[in-house]
2 protein chains.
Amino acid sequence: MAQTNGRTNRRDIYLKLRQMVLTLELAPGAALSENELAASMGVSRTPVRESLILLAQEGLVQVFPKIGSFVSRVDPGQVADAQFLREAVELASLDDLPAALDPAIVGELRANLDRQRRADLGLEEFFGLDEAFHQGLMRLSGHGNVWTTVAAAKGHLDRARRLGLHENVSPAVFVAQHREIFDAITGGNVPLARTAMRTHLRAVFDDIERIRAHSPELFATDASSVPVRRNIVVWE
Amino acid sequence: MAQTNGRTNRRDIYLKLRQMVLTLELAPGAALSENELAASMGVSRTPVRESLILLAQEGLVQVFPKIGSFVSRVDPGQVADAQFLREAVELASLDDLPAALDPAIVGELRANLDRQRRADLGLEEFFGLDEAFHQGLMRLSGHGNVWTTVAAAKGHLDRARRLGLHENVSPAVFVAQHREIFDAITGGNVPLARTAMRTHLRAVFDDIERIRAHSPELFATDASSVPVRRNIVVWE
DNA sequence: CGACAGATGCTTGTATACAAGTACTTCGCG
DNA sequence: CGCGAAGTACTTGTATACAAGCATCTGTCG
């Protein structure tokens with residue numbers, strides 16, 4: 001999302017903090033201190049504070065005046081909302097595919113898939129390729145910018161997915177599903193593409209309840225509950 | 001969207017500025033000054049500035065460091081994106097309607113429709129009822145919270161709609177379409193509801209090109225062009 | 001030993017001062 | 001009269017100081 005133009009400390013810090021939250025480097029429930037963050041990053045409170053406000057609007061951080069700021073616990077409700085949103089948008093996008101696909105984007109997607117199939121694929125690498133793949137599909141139908149909105153809304157979903165793949169399987173099954181979707185699209189079979197896409201998106205989603213049972217402390221129960229400051233949630 | 005809890009100056013100012021932008025009280029292209037706004041509102045730059053940053057992330061304001069802040073011109077690209085997004089979400093939501101509709105929400109929608117049909121309906125009143133109506137439909141299928149995301153993304157679309165109805169017709173035709181959608185849903189006819197909804201949403205959208213031809217200065221041409229500070233766009 | 005109260009250290013919200021840079025204006029010169 | 005350059009007034013970005021409030025810890029009293 002285009003916010004402030006030009007390079008500012010705020011933009012750098014915002015992107016850095018956002019990445020740390022999404023990659024779980026900053027665990028759900030962890031306490032954030034504007035002063036601490038500012039000191040550790042070598043800047044004043046101002047850019048840090050403004051970044052936290054932006055992250056709060058995205059729902060990734062909760063700010064309680066005079067109490068503290070915390071990384072939001074993964075909210076199952078928000079995960080479900082993001083799932084519904086992305087499914088609606090990505091499926092509708094398939095209906096807007098042009099008769100002649102942009103060869104540049106098709107080539108880009110093919111190269112992306114090739115990299116996904118590498119045996120030594122790391123998890124972070126996979127997430128980056130996955131993001132680019134789905135965004136590329138949206139661009140194929142001329143709705144690339146809408147992906148920005150979806151991406152901003154699916155922070156809780158992404159964190160839930162990371163929790164799942166962290167302790168679990170290889171992303172091989174997802175890579176195969178990506179391939180199916182791609183083949184259906186390039187083959188001009190939109191109904192098949194829709195089916196494959198829906199199956200793919202739900203496969204990710206259906207794993208979340210299992211994760212929640214395994215690590216309940218990372219999930220929110222009461223949306224308005226305030227995490228305790230000293231009780232920093234450690235990684236395990 | 002849950003951002004900062006509790007009452008703060010920032011929240012008040014943010015909501016107020018947002019409303020002024022969406023209602024075109026602050027015209028597209030108008031220059032905003034943190035100092036002026038702060039003085040006129042009787043607060044310091046801080047809460048005003050933080051509000052502008054939030055509005056910038058929503059795309060309603062553009063901030064150019066060391067140059068100035070401006071109300072975003074209506075971007076036809078963002079209007080189209082919002083149209084696609086809301087259509088995808090609201091149509092998908094119809095597929096998730098439960099067999100037994102929540103009678104409380106149904107009653108609320110019925111009362112909303114009754115108020116829409118009042119002869120002396122003002123424009124601002126209509127927009128408020130329209131917003132509540134569409135959100136109510138989403139709640140009917142359990143996706144009420146997703147409306148928040150859609151609402152945040154459709155600022156440019158809303159401003160374009162306001163421009164259209166400002167110089168034009170009564171909202172009577174839209175009210176009738178709302179009725180059609182409602183009847184199809186309560187009648188259990190989902191396919192008809194989908195058709196009615198799509199027709200309704202596109203009727204709004206198709207009017208925009210006409211508006212753009214009439215008031216081109218309120219629309220963005222080059223997304224990165226900087227409005228001139230002194231050249232405040234007057235309502236005319 | 002237990003409970004209550006005050007002090008202390010932390011938090012975010014707000015106000016203000018300074019820094020860096022842009023654009024317009026005005027003054028001087030050819 | 002035209003043009004150029006310095007100056008001035010504005011902009012946002014950042015740093016810092018102060019205000020208000022919550023939570024915990026500690027000391028004291030029963």
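1. Start with A:Arg49, which forms a salt bridge (a side-chain nitrogen of Lys or Arg within 4 Å of a carboxyl oxygen of Asp or Glu) with A:Glu34, the closest N and O atoms being 3.3 Å apart. This pair links distant parts of the chain, 15 residues apart: A:Arg49 is in helix α3 (residues 45–58) of chain A and A:Glu34 is in helix α2 (residues 34–41) of chain A. Helices here are DSSP runs of H or I, at least four residues, numbered from the N terminus. Over all chains, a search of the whole structure turns up 34 salt bridges.

2. A word on the source: this is a predicted model, where local features need pLDDT of at least 70 and side-chain atom pairs count only at pLDDT 80 or more, while totals for chains, interfaces and linings use all residues. Residues are numbered from 1 along each chain as its sequence is written, chains are lettered from A and ligands numbered from 1 in the order in which they are written, and side-chain values use heavy atoms, with hydrogens and water left out.

3. Now the interface. Chain B and chain A each put 32 residues into the contact (heavy atoms within 4.5 Å). About 2,800 Å² is buried between them, 64% of it from carbon and sulfur atoms; buried area is the accessible area (1.4 Å probe) that two parts lose on being put together, summed over both. On the chain B side, B:Ile53, B:Gln57 and B:Phe84 lose the most area to chain A, together 25% of what that side buries.

4. The rule finds two salt bridges across the interface of chain B and chain A. A:Glu50 forms a salt bridge with B:Arg49, with the closest N and O atoms 2.7 Å apart.

5. Within chain B, look at helix α4 (residues 76–95) and helix α7 (residues 146–153): their axes come within 9 Å and cross at roughly 165 degrees. Axes are lines fitted to C-alpha atoms, for helices over the stretch in contact, and angles run from 0 to 180 degrees between N-to-C directions. α4(B) and α7(B) are therefore roughly antiparallel to each other (angles over 145 degrees count as such). B:Ala82, B:Leu85, B:Arg86, B:Val89 and B:Glu90 of α4(B) meet B:Val146, B:Trp147, B:Val150 and B:Ala153 of α7(B).

6. In chain A, helix α4 (residues 76–95) packs with helix α10 (residues 190–205) at an angle of about 165 degrees, their axes 10 Å apart. That makes α4(A) roughly antiparallel to α10(A). Residues in this contact include A:Val79 and A:Gln83 of α4(A), and A:Met197 and A:Phe205 of α10(A).

Key
Helices (H or I, at least four residues) and strands (E, at least two) are DSSP runs, numbered from the N terminus. Angles under 35 degrees count as roughly parallel, over 145 as roughly antiparallel, 65 to 115 as roughly perpendicular and the rest as oblique.
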